[in-house]
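Work through the exercises below with the sequence and the model in view. Each task is followed by a solution in steps.

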Amino acid sequence: MERGPGRTCLHHVQRLLFSIPVLVVIAILALDYYSLVIQSTRERFDRSPVGAVFLVLIFHICLILLLVSYYRCIFTNTFVSGHQPPLALRDAVFPNCGKCGNVKPARAHHCSMCRTCVLKMDHHCPWVANCVGFHNYKYFCLFIFWSTVSAWVFVIGSIDHLLNLFKGDSVDSPFVSLFAVILTFSFAVTLVGFLIFHLRLVVTGQTTLEFATTNRDPDWVNPYDCGGKWENFYAIFGTRWLLWLLPVKTSQETGFEFQQIVTSQDLEDGLLSSTAMKSDDNSQE
Ligand SMILES: [Zn+2]
Ligand SMILES: [Zn+2]
């Protein structure tokens, strides 16, 4: 167990440092909003009123969905300590974490930043200053998705305005827009790769931690695979397609059920390989 004033102070400093990326995200969004909506809408509206209204509308919709996903990802509690096992598992015996003392169902890991165990831990993410786990993974994926869409809408929508600024057709300086486009373009390219990576994890029923510990083993069989790409997708995003892209809760599970799934599979066909066991032991220090 981690105790003492020195460790508490260090923990606060760590948390503060990890909130800086959140401020960076907000600053980039504010810069893009200023560049696309406040600085260039009038000039764009004079050239093409319909196009200007359409662009601003699309950008606002993407931005709202991005911000709600981001907010829910940051503030959703996905710790073991904040949730109770479902009634069907109230009598189940879970192992206990040696560091925080909480019960530790399958796929839960201890996070040294949060100093507690996290349900179906994916990873601790500085960009959301929180652990990404069972209860906020959908919001995290949607944050990446809407950030990617917003970034590309911004970059593509800013090109004509930027060209006009360089032609000298406007009194505005082109450098704020140029800086915003270069910065957002670099994020947009990175985000596409990140989105593909997490989409792959979703459809294969893995977390980032599990992928990191098992991807080099060709014989590894995922004991948490729900049976197909769509089944794995439904387990996180639900079966109602209208809610897939909205930052609302859609999973019917609680994050404790994996214990049951693993036990039944283990008894039934022995799929729980030694590698999967190893991945559970390699919990985050
Ligand atoms: Zn723990
Ligand atoms: Zn954490």
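Two residues are in contact if their C-beta atoms, placed from the backbone, lie within 7 Å. The model is predicted: local features need pLDDT of at least 70, side-chain atom pairs count only at pLDDT 80 or more, and totals for chains, interfaces and linings use all residues. Residues are numbered from 1 along each chain as its sequence is written, and chains are lettered from A and ligands numbered from 1 in the order in which they are written.

**Exercise 1. Chain overview**

Task: state how many helices and strands the protein chain has, and in what order they run.

Solution. Step 1: take helices (H or I, at least four residues) and strands (E, at least two) as DSSP runs, numbered from the N terminus. The count is nine helices and four strands. Step 2: read the order from the N terminus, which is α-α-α-β-β-β-β-α-α-α-α-α-α. Step 3: among contacts between residues at least 6 apart in sequence, 66% join residues at least 24 apart.

**Exercise 2. Confidence**

Task: find the mean pLDDT of the protein chain.

Solution. Step 1: pLDDT is the predictor's confidence in each residue, from 0 to 100. Its mean is 85, and 82% of the residues reach 70 or more. Step 2: over residues 270-285 the pLDDT is below 50, yet this stretch has 28 contacts in the model beyond near neighbours in sequence.

**Exercise 3. Positive phi**

Task: is K120 buried or exposed?

Solution. Step 1: most residues other than glycine have a negative phi. K120 has a positive phi of about 40 degrees. Step 2: K120 is found in the loop between strand 2 (116-118) and strand 3 (123-125). Step 3: K120 counts as buried because it has 26 C-beta neighbours inside 10 Å. Step 4: repeat for A129, whose phi is positive and near 50 degrees. A129 lies in the loop between strand 3 and strand 4 (130-132) and, with 21 C-beta neighbours inside 10 Å, counts as buried.

**Exercise 4. A helix pair**

Task: at what angle do helix 5 and helix 7 pack?

Solution. Step 1: axes are lines fitted to C-alpha atoms, for helices over the stretch in contact, and angles run from 0 to 180 degrees between N-to-C directions. Helix 5 (residues 174-204) and helix 7 pack at about 105 degrees, with axes 6 Å apart. Step 2: helix 5 is therefore roughly perpendicular to helix 7; angles under 35 degrees count as roughly parallel, over 145 as roughly antiparallel, 65 to 115 as roughly perpendicular and the rest as oblique. Step 3: V202, V203 and T204 of helix 5 meet K229, N232, F233 and I236 of helix 7.

Note on methods
A residue is buried if 20 or more other C-beta atoms lie within 10 Å of its own, exposed if 12 or fewer, and partly exposed in between; C-beta atoms are placed from the backbone.
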